[in-house]
Amino acid sequence: MTAATTIPEGALAPPGGPKRTLAQALGWAAFALVLAWAWKGADMRPLDLWKDSGNMRIFLAEFFPPDFREWRSYLREMVVTLHIAVWGTVLAVICAVPFGLLSSSNIVPVWVYQPVRRLMDACRAINEMVFAMLFIVAVGLGPFAGVMALWIHTTGTLAKLFSEAVEAIDPRPVEGVRATGASALEEILYGVIPQVMPLWISYSLYRFESNVRSASVVGMVGAGGIGVILYEVIRGFEYAQTCAVMLIIITFVSTIDLVSARFRKLFI
Amino acid sequence: MANGAALSIAALSKSFGAPQRALSEVTLEMAPGEMVALIGASGSGKSTLLRHISGFVEGDAGSGGVRVGASLMQDKGRVARDIRRLRAEVGFVFQQFNLVGRLTVMTNVLMGQLPRIPAWRSLLGRFTRAERAEAWHAMRSVGIEKLAWQRASTLSGGQQQRVAIARALVQRARIILADEPIASLDPESARNVMEILARINREQGITVLVSLHQVQFARRYCTRTVALRLGEVVYDGPSADLDATMLRRLYGAAVEEMLDGTETIDAVLNDPVVAEGLARAAASA
């Protein structure tokens, strides 16, 4: 510090430069502190991986070879998982259209879009698993609880994505429709929807992809599908079967990701 | 007489918060079937005036009424309660065409029917054979019927502007407001669009109020011109009297912007060789 004060004024570096470096250094220091602090909380024990590597090897060996004897029931439940994802996504898309429009600042006044946005935040903030556990209480064990859980969570996500697309539209075509004497609803249908359609389709397909992944997890709390089987085989220490179930999930999810990604490219 | 007029504006003022008013006591009356040019440098209030007539913008609280035919569009700074339906009587042609680019030309033109058809049909996008026929007829009258099933975004500027005019025709509007309809077009398309506006005015008796940046187009297509400067009507009379001397008196130094390119464009328009070449190029394209 004393060194800095002795430098004559004329020799100072351009303003902003050194200050930014100091801010950067502070930022990195803060980041390091957070990491160190979180180390304890997260109970990080990387050495155990090496120390218990023998156990790990035995544990992993139990996964192979995978046991596909029950493959019929795995496939049947995997298809149920897809059904859950399809219905959860379709219902969410249907709800996200009005909710998305109602959370767009260029469509509705502030006293409408602010409350609707907060409602969508709430739908999105809570994980599908939590919703699934709640709906199991409400509608009983089974796939329908999974559909409900995906539906609510996905509505929150899609409504936000949909409204962001709506807020980015070109206002001039909308004004063109308005000039013909169209009603407010016609203005949205003919001026707004055509502009956002490609993005909306792309977002919906993407959410279907992620819902196939989520649907296999919501099953673990009892909401139907392959997740139920996965949970049972893990609890029964049937690692060879666990491996088979996981391979089936990986195959399905990857295939759907690939197909859907190919499909989405058509709309952008 | 406000009753018989196609358009009557009484002492309309608008200030957007700035000390300089965007419109200052504008009073204007148009007889049915007239074609009037609205000229002025950029920022003189041409667009603002047209947008007030369609009720897109409200005038100041003390303003007089804006009447289109028998309908009061706005009065004392309040737009009519049923302004959305009243807009059906006013065709609006924009500088940037304002079509929905992802929809077909046909759908863009059919939109002119929206106020007339039952809501359930417009929301399902169902148009009857007769409605399609009317749209087709309007497209033919502006020469774009061959493009009916193309997406509007694939058309050239001149073609898009003709789609916008067809949309106004399908509206069955008795008055068309054109806000700098040729400012974004090349000279040939500009001439073409002005010819179409003049023709529908002449043949169908539709009243046309067209704002223009360049005076020579006003002189060529409109017998009457209204000139704005800083939101005030500074001239309202025969276009023929608007010679360079008159314009210099009205606008001073700003006149250069409005006469800019006059000689070149006039030369292009009047040169038979150039016109023939352009026609041949258009035919081969």
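Begin by selecting residues 187–204 of chain B, which form helix α7 in this predicted model. The helix has 18 residues. From its first C-alpha to its last, α7 of chain B reaches 25 Å, close to the 26 Å expected at 1.5 Å a residue.

Keep α7(B) selected and display its side chains. Which residues of this helix are buried? They are A190(B), R191(B), N192(B), V193(B), M194(B), I196(B), L197(B), I200(B) and N201(B). Next, step just past the end of the helix to G205(B), where the backbone takes a positive phi of about 70 degrees.

Now move to the strands of chain B. Select β1, residues 7–14, together with β2, residues 23–30. These two strands run antiparallel and are joined by 5 bridges. Within this pair, I9(B) can be found opposite L28(B) of β2(B).

To locate one pairing, select L7(B); its bridge partner in β4(B) is V68(B).

Finally, show both chains and turn to the place where they meet. Here 18 residues of chain A are in contact with 22 residues of chain B. On the side of chain A that touches chain B, select α9 (171–179) and α10 (184–218), each of which supplies at least two residues.

Methods: Residues numbered from 1 in each chain as written. Chains lettered and ligands numbered in written order. Predicted model: local features only at pLDDT ≥ 70, side-chain atom pairs only at ≥ 80, totals over all residues. Helix = DSSP H or I, 4+ residues; strand = E, 2+ residues; numbered from the N terminus. Expected span 1.5 Å × (residues − 1). Buried ≥ 20, exposed ≤ 12 C-beta atoms within 10 Å, placed from the backbone. Contact = placed C-beta atoms within 7 Å. Pairing = 2+ DSSP bridges.
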